[in-house]
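Here is a request: look over the sequence and the model shown next, then read the briefing below.

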Amino acid sequence: MSTKKKADLKVIILGDYNVGKTSLICRYIDGTFRPKEPTVGAAFFLKQWGPHNVAVWDTAGDERYSGLSHFYCRGAGAAILAFDLNSSQTFESLWARFGSILEAANEDCLKVVVGTKMDLLDQTNRDITPEEGKKLARELNEHLDLKKMPHEPYFETSSLTNQNVDEVFQFIFQYCLPLSAEQKKKYGKGSVIDLIENSDEHKSTRRCC
Amino acid sequence: MACEEFPNNFDVVVLGTGLTETIAAAAFSRIGLKVLHLDRNDYYGGAYSNFNLDGIEDWRKANETRNSDCNEDEEIPDKVKDLLQNGETVISLNRDNKTAFNIQARFHVRERTAEEQAKADLKFNTFKFPSLNEQNPTSDISQEEEEKKEDAEQSESPATDSGVSSCTEKLNEMLSLTTTSDNTAEVCEIKDFSQPEPPKSDCEDSHAAQVENPPKHREWTVGDIKDDWRRYCLDISPKILYCCGDLVDLLIQSDVARYCEFRSVSRVLTVLNNLLLQIMNLALKNIKANYLDKPFIEFLKSKKLTPNIQHYIQHAIAMVTDSELSQVGLTKTKKFIQSLGRYGNNAFLFPLYGTGELPQAFSRLSAVFGGIYCLATTATHLIADSDRKCCGIITSKGQRISCRYVVAECSYLPPSLVLKLNKRMLSRAVYITDSSLLPTGDSELSLLHYVSPKDSERPVTVLELPSSACVCPKNTFIIHLTTISNHNDPSEDFNDVRETLFANEVLVQNKDTVKPKILWSIYFNQEDNSKVKLTEDAVTNVLVASGGGDPGVDLDWCVAEAKVIFHTVCPTEEFLPKPPNPEDIILVDDAEASTCQGTSEYLEKNKEEISEIQETVSTDSVQEAV
């Protein structure tokens with residue numbers, strides 16, 4: 001990990017309870033499958049991608065009781081909207097539950113629709129077709145230039161078998177990074193202060209008085 | 001989503017998500033206590049919340065209908081009685097609360113004409129794609145759409161305004177060049193308020209640097225502001241942080257800092273002899289560099305400072321009134337000066353998106369360590385056992401929850417349990433303006449301690465936030481005003497500061513002026529609930545947290561308060577120790593545990609936990625284990 005801690009890009013993940021958000025992130029971050037529920041202890045990862053630092057935020061704790069706040073979405077350059085391929089209800093939630101809180105994300109936030117638990121899917125009897133998924137992905141990104149993307153921001157994944165997981169993140173990073181000059185101006189960290197990174201030698205001097 | 005029952009047992013139930021409560025909740029969760037955190041509102045923060053323009057309107061409406069009265073003598077419903085065990089009694093809690101009084105909000109600009117509206121609608125529509133239907137081939141995007149996209153891109157940079165902004169930007173660029181050379185001056189005189197509302201010609205020859213004369217302003221309409229409603233973050237309790245204050249230290253120590261970003265309060269302003277002045281950072285930097293370990297007076301002497309300096313130190317640095325004891329003034333001056341240099345040459349920080357982000361950041365830490373959060377839910381009753389010791393709550397959903405401690409923000413407790421020691425109100429105003437109080441090319445974040453000649457005991461704290469603080473769209477500013485209430489109508493408390501610093505609406509309608517124009521305003525009163533204590537009647541194992549509303553600029557006292565609450569419950573535990581590095585945390589499940597010696601021992605001890613966290617000495621050992 002580089003000494004530079006400040007992230008250039010913030011990636012968040014949204015989705016109903018138990019669709020496998022943490023499993024997806026853990027599979028990507030450290031290549032293991034952890035079938036663990038309520039996300040406890042770690043919900044923030046820094047990932048280096050080339051010269052860039054990416055902060056991957058996971059939802060924290062047990063979301064059965066509380067919705068996500070705008071706080072979580074603030075400044076996000078990309079959002080993974082995860083649903084369980086085996087549950088059409090989790091798919092419908094994406095628009096219904098998360099559309100409004102994504103207003104707090106950056107205006108040009110890339111939204112990637114990601115179906116999870118592909119390994120459990122009965123291909124002959126699908127609730128949600130890939131076409132429906134792609135349609136939602138297009139609709140969510142109608143403010144972006146879809147032509148710049150190799151394909152629609154839609155993926156079907158399995159964190160158990162590692163199918164398509166890296167691809168989701170590669171897709172995001174390739175689209176979002178490096179930040180354009182305009183984005184840097186807009187979201188650039190220029191005079192923004194990171195307490196940890198910017199804290200400096202004065203720590204010691206101030207103690208003496 | 002909030003339909004499921006909570007677990008029935010917690011260590012601590014926390015009511016209210018203000019800053020003190022969220023810090024305490026994070027501290028409890030951090031050491032492994034089970035925390036249930038409720039808020040009666042459907043948003044975080046209580047008195048520390050922030051809203052966008054639509055949200056603040058909802059908040060205003062909700063406060064009109066709210067009722068702070070608690071009917072302590074009400075009959076206990078049977079369904080609550082059924083949940084009680086032998087010897088237990090219940091105490092009714094406040095289910096609702098007014099967070100603000102006498103709220104008045106309005107626009108100070110005209111509505112759009114039909115023509116303007118049509119134009120705005122058209123522009124808005126270029127961003128919208130026709131919804132693609134399924135027959136459309138998915139892989140290629142039609143020519144038509146591409147053209148639309150280009151249109152959209154083109155209209156993106158000038159954003160919502162009609163070409164005026166590009167001109168404004170250029171002017172601002174030029175202005176910023178002219179101002180930089182002024183920075184060597186110890187104080188820079190910008191505006192002369194003793195002059196009458198300046199006619200343009202007067203302005204041009206009055207000062208050499210024309211920095212204060214802002215570019216021609218667009219004429220704003222209600223629609224222009226409303227279009228960007230979601231880009232406003234309006235704080236109910238705007239606060240700043242001392243760079244060397246306890247809150248900054250806590251944010252770093254607890255690692256909550258990585259959820260937040262800050263901007264420096266880049267200018268400290270004061271009004272002296274009717275001049276709005278900037279206290280230059282340069283002078284203050286020297287204090288830090290050379291006089292940190294010497295008496296302050298030496299610095300003052302060595303600089304051969306004029307009596308005006310006394311004014312700066314009193315009003316801009318220490319921010320104390322004439323009657324304030326010197327002890328307080330010295331402490332505050334010291335804190336200010338110590339804060340210089342840690343994050344540049346400024347003493348204060350402001351959180352991006354507003355103060356309301358801070359409680360959410362601590363909530364997130366609590367949730368990360370297992371705290372359960374539920375908004376729009378509260379406790380209707382406290383349960384006390386036969387020894388008058390609190391042993392649980394009844395939730396507004398009618399569930400009985402047992403707990404060892406209840407931490408409640410004071411507005412959740414009935415008057416019989418809590419004493420409010422500061423019997424006063426604050427008056428607050430929030431303005432959206434079209435320019436800065438002291439325009440320069442840079443987007444400065446400014447603090448001004450305004451002392452009215454008419455009432456020096458009630459200074460007004462003015463916090464001016466630019467769009468770079470992520471609280472408003474480009475070309476607008478948010479200006480927060482706070483003072484101790486003296487009138488029934490909160491807007492009257494700001495008459496003097498409004499007349500001095502802002503354009504007069506009636507006189508200069510549609511004319512250029514150097515003073516900022518108020519485009520939208522909200523006024524309200526807030527109860528000062530910053531000092532509270534429990535009454536003698538209170539049951540034990542209930543702890544009260546203050547409800548905010550103090551007139552001070554910072555939040556360090558919330559840290560102290562949360563610490564006391566935490567140590568009352570856990571006298572020997574560490575308060576928000578640094579969390580383990582994410583790479584050093586692993587989640588463990590039973591399958592993994594069986595293959596891992598060290599982990600299974602750990603699991604033995606914590607069988608009842610849903611999830612286990614293991615802090616490992618090094619990542620290597622984890623890898624071996626797995």
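Predicted model: local features only at pLDDT ≥ 70, side-chain atom pairs only at ≥ 80, totals over all residues.

Residues are numbered from 1 along each chain as its sequence is written, chains are lettered from A and ligands numbered from 1 in the order in which they are written, and side-chain values use heavy atoms, with hydrogens and water left out.

**Sheet in chain A**

- An open sheet of six strands in chain A has the order β2-β3-β1-β4-β5-β6, with mixed pairing; strands are DSSP runs (E, at least two residues) numbered from the N terminus, and two of them pair if DSSP finds at least two bridges between them.
- At its edges are β2 (44–49) and β6 (154–156) of chain A, each pairing on one side only.
- Neighbouring strands of this sheet are turned by 20 degrees against each other on average, direction ignored; axes are lines fitted to C-alpha atoms, for helices over the stretch in contact, and angles run from 0 to 180 degrees between N-to-C directions.
- Strand β5 (residues 110–116) of chain A runs parallel to β6(A) and is joined to it by three bridges.
- V113(A) has Y154(A) in β6(A) as its bridge partner.

- Four strands make an open sheet with antiparallel pairing, in the order β7(A)-β9(B)-β12(B)-β8(B).
- β7 (192–193) of chain A and β8 (241–242) of chain B are at the edges with a single partner strand each, so one side of each has no neighbour in the sheet.
- Three bridges pair β9 (residues 262–264) of chain B with β12 (residues 348–351) of chain B in the antiparallel sense.
- F262(B) is opposite P351(B) in β12(B).

**Helix pair in chain A**

- Helices α3 (residues 88–98) and α4 (residues 130–140) of chain A pack at an angle of about 10 degrees, with axes 12 Å apart; helices are DSSP runs (H or I, at least four residues).
- α3(A) and α4(A) are therefore roughly parallel (angles under 35 degrees).

**Nonpolar cores**

- The largest nonpolar core has 113 residues, and I172(A) and F362(B) are among those touching the most other members; such a core is a set of buried Ala, Val, Leu, Ile, Met, Phe, Trp, Tyr and Cys residues joined through side-chain atoms within 4.5 Å, where buried means under 20% relative accessible area (1.4 Å probe, protein chains only).
- Apart from this core lies another, of 52 residues, including W220(B) and I313(B).

Conventions:
Parallel < 35°, antiparallel > 145°, perpendicular 65-115°, else oblique. Buried < 20%, exposed > 50% of the residue type's maximum accessible area, 1.4 Å probe, protein only.
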